[in-house]
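Dear colleague,

Please look through the model first and then read on.

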Amino acid sequence: MFAFLLLKSCISKDVIIAEKGMKGFKCMYPAKSDKNPDVWRYYHGCDELSKGMLKITGSKMDIITDASNETQNLILVGPTKLSPKNQYTPTEKGIDFFEIRFHNGNLAITGNWYGFLYGCFELLEKFGGVRFYTSWMYVYPPADTFKVPEDVNIISKSPFIFREFWSTDFTYTNWLEKSRGNVYMSEYYGCESFGPLMVSDKYPLDKYPSRFALLSNGQRSGWVPCLSDDLTFQIFMEKILADLRKREVYLIDVSQSDTNDHCLCERCMAKFHQYGDRYSGVNLWFINKIATALESEFPNVLIRTFAWAFTLDAPKNIKAHKNVIIRITPIMNDYGHPFDGNFTEVNRHLIKEIEAWKSIANRFYVWEYSTNFPHIMSFHPNYHTIAPNMKMYARYRFKGVGSQDANHVFVNPQGQYIPRFHSDMQEYKAYLTMKLLWDPEQDEEYLVNDFINGFYGPSAAPYVRQILDDTKNLMFNDYKNYELQTHHDARIWFIPQEYIDHLKNLWDLAIKASELDRKKDPRYIYNTKMSQLSTLYTQFMIYKDQTVKPYIKDGKVYIGGNEKLTYAAKTMMERCPGPFVINETSKGACAFTFSPGNDASTRTLIKQYSEGVYVDVIKSGDITAVSAGKSVIDGKIISLKKGNTEFLHSDEGIYFCYVTTSAGIYQQYSLDHQLKGKTELTVTYTAGSTAKNYISTKKYTATSEGINFDVQYTRTGDFKEMRPIMMVTLDLNDGTFVGYKIGNKEWKSHQLMNNMEFDHCGGTLDGIGEVTVIDPVSRKGVEIKVPNYFESVVIHMNRTSQKVRLSFVGNYISETKYFVVDHHFEIHPFEKYINAPSFTKSFDSTTHDPKIRYGYAKGDKFIIPDFMYNYGNSKDQLRSVSDPLSFTGVSMEVGHSGWPLMYLNPQNKYPYYFFKHGSYSANMTVRCVGPTKQNPAYAVYGYSHHYDSNYDFWFINPNDFGDGYKVLKMPKTLVNHRVEYGVINKPNCCEHMYLSDFSFIVEEPPTPDPVKSWPEQSLNKVKLTNHSDSSMNGNHSKKWIPAVISVVAIIVIAAIVVGVIFIVKKKKSNGSNAGEERNEIHLSVA
């Protein structure tokens, strides 16, 4: 009996805060006063508790201020007159913390300005089983009572002052406060602030050029500062001091812009060398100068700057001012493996630089990335690196963490903001990130299981868990040396499509299982279906590139593909029907792309694969042409027949567009042309509007000879320099051998060698816009007429697709706000073109086994023309130009620079052909125009690692080029995701350099990754923690109590026996022993 009474006294009593059908505690917050003028936040804490108690127990909790005379049965929120003093004293300004304990019979929730509010949510989560998974997934488990142990004593704080997960849910809903995010530190200038800080009408560029950065081309930037210029410092300080004197803030941001431009003047470069040949030293010297100047008047204001891109690597011979925050920004790192996990070289490099920075500065933030920005809906497997990276930031004592995911909203015609959700596992990433940013020492496994169990439901959770486990295993074992970067194609180049199929199947099982929990919570089904979207999107993008030609059925054109493609397209459109279709569950929509502007075209593309588009047919005699509007077809003619003979390759057809980059020579872009009008002989499509700054109208006319193609393009707003591209992609029976005649030049032929899958030829038009192309064997051909101001034609040949594409390249239209251009083209097909000489194939000594994919066989060759590097046109630095000496008729004109202006990363750009660990010989075809005769510098080419500035250089004297192109042989090298080839035309080298192509020959074939299988019957159905099992829930399921009591009783009885003996002995020696007060303090309980 004595043992039972002693056991009972040792077990903490629960205090009932709220009870179904009964009046419980009231919530008290400070009354408004001179001491507390802003009390709405305290009221908000009470309001959240009152709503929570109502949802849990059905009983309303009254809210009062401390102007009331009531003193008992209260929850005290904030510094009320009855609240105790805080036990914890922050050691640094900005630290968030809260405390929860009983004081004089009342439950007190205190903390700093925001911390007490987090304490209110902690109370609901820990003792009510409440969860705030997303803005649409708040879980309030019903119960008859809400209880809190009477000896509760929680002190919880975050080691991070700044905590953010940059997503729509975080920015546009009230989930931010419930996730304990903190972006409320007062500051000026946001980020990338050099641009706005240097703006000064008083000191324009034409009169004060030295304050603007000297760029590699010898010109001054219009928006990048010269940091060593005294006037730059003066202008920055005038702006900063004026703002701080109006209102002092916690920190100011003084940081570089999102560009690699930086000053290369003599003074800046002297500092560059002084600080270890690191531009971060130049930047830190300038930031230190500002911090020192501010210190006397504003000693507590912090100055934050980036360590990003060219400033990421730590400098030497300099220390940061004590008020300077270094914000590490690892945008080019590997997010598929923990940063400090010793998996990949790029991450080892990051840790090395962080260690170096730690010896230079004392304050650190990090801006990391959590998504794939070009394709936010695609599979991006960083799920297993979130916890290790958050823990690593805490170990290195970072004080601020911002994780950037996909943000933005849709704005409908009525101006309503519609949140966008459901990029790849965004809800999971956000929940786990924010939980760990409050307390990075929490058990990762518990948090993961808690989320997937509560967000997807207990029946679906095991399948989602296997998705996470299989993906971690894939990255840690199969691809432990492969990098997952923040910008990649929808399909990660090293992830096999079989694995994406495996994920899709697991999500299918999860969706089916979630139906079993429909009665518990129908949101489980919605969450599971929407989380599968990333897998479907990735499947769609994979199989879209493997589709067959468009085909016509029942008056519609469809894009042929397998069942996986069709299912993915249809299912995505069912679940994401439109940007302005608000889902009842999430109160938002879903997006396929990061930019809202690109979402419409992507959505139209997906829809067309699933639903098809009505075709338009025009005829004249034995000429028949078929076209269609909308995204995939985009107003192109996809079939041109003379009698029964087809002349077009239907996946590209006849196409026209204005372009600003070299990629437009071989890639097609959709403007979403819509049908405008149609007759028996003509069809017209239009796209754009005045609001979009362009209007494009395309008209096709069937004639007895073929097709006339008229284009009117109107530019109504400012835009970059651009030029027209017209493409005709032909079906000539044989895509490996063509004869062609350009203008009045002689007939030529081009043969695709056996060791090549694709190749190019072409030439300049020289003012005569007429080209004829034939199949030398069958004599089937096409004659094409273009305006005389078109400069070149590029002919592409492909063995696999059998396509022959002609790209006609027009001259540039200068930057201007308004212009109208009319173009007229004619395409005349010939079943047998008799006015051409005979051609025969030359002897080909190269070979290729057709059973082996190109790129995997020794001797395979790839010639990559300049335009396939996808560079933008710049008048002074890089420019795609007509070139009569180039084998394609075009080349890259390279201006002067001290740094590479062009980078080619073959493995990242063309992962289908270049593979990690393959060994290749590489050549570059270049020529030098206007070489410097006196004291010439050197033309430079070489390769680099993408994460630093260390280049392996090869040099050639400009005078050694000769008059034409020269093939420059580079050392045999491995081609992988870290190798970038670059070219430099240094000042005083060549007036211009011209790059025609890179070529690669496989010397040592790569070993293909083995195709794995993931059998679905091997599901690892782990036991997941339910809410009722959680240590965070102190109120609901008590099934554990009998077992605990039994164990404790045994321990207590044993303790009593020992205690009695001890007391007897103690009394004999000295007397009695006073009891100690029970006071447990749990730091960082979450």
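In what follows, a residue is called buried when its relative accessible area is under 20%, exposed when it is over 50%, and partly exposed in between (1.4 Å probe, protein chains only). The model is a predicted one, in which local features need pLDDT of at least 70 and side-chain atom pairs count only at pLDDT 80 or more, while totals for chains, interfaces and linings use all residues. Residues are numbered from 1 along each chain as its sequence is written, and side-chain values use heavy atoms, with hydrogens and water left out.

On confidence, pLDDT is the predictor's own score for each residue, from 0 to 100; its mean over the chain is 87, and 89% of the residues reach 70 or more. Residues 1-10, however, have a pLDDT below 50, and over residues 1017-1086 the value stays under 50 as well. Where pLDDT is low, the predicted coordinates should not be read in detail.

Turning to salt bridges (a side-chain nitrogen of Lys or Arg within 4 Å of a carboxyl oxygen of Asp or Glu), a search of the whole structure finds 42. Lys178 pairs with Glu48, their closest N and O atoms being 3.1 Å apart, and this pair links helix 5 (residues 175-178) to helix 2 (residues 40-57) across 130 residues of the chain; helices here are DSSP runs of H or I with at least four residues, and strands are runs of E with at least two, both numbered from the N terminus. Lys178 also forms a salt bridge with Glu177, at 3.8 Å from N to O. Lys178 counts as buried because its relative accessibility is 4%, and Glu177 counts as buried because its value is 15%.

Arg465 and Glu445 meet in another salt bridge, at 2.7 Å from N to O, which joins helix 14 (residues 461-478) to helix 13 (residues 444-456). Arg465 is buried because its relative accessible area is 9%, whereas Glu445, at 35%, is partly exposed. Glu122, Glu125, Arg180 and Lys435 are linked in a network of salt bridges.

Contact means heavy atoms within 4.5 Å, and, leaving aside residues up to four places away in sequence, Val254 touches several others, among them Phe194, Phe286 and Ile303.
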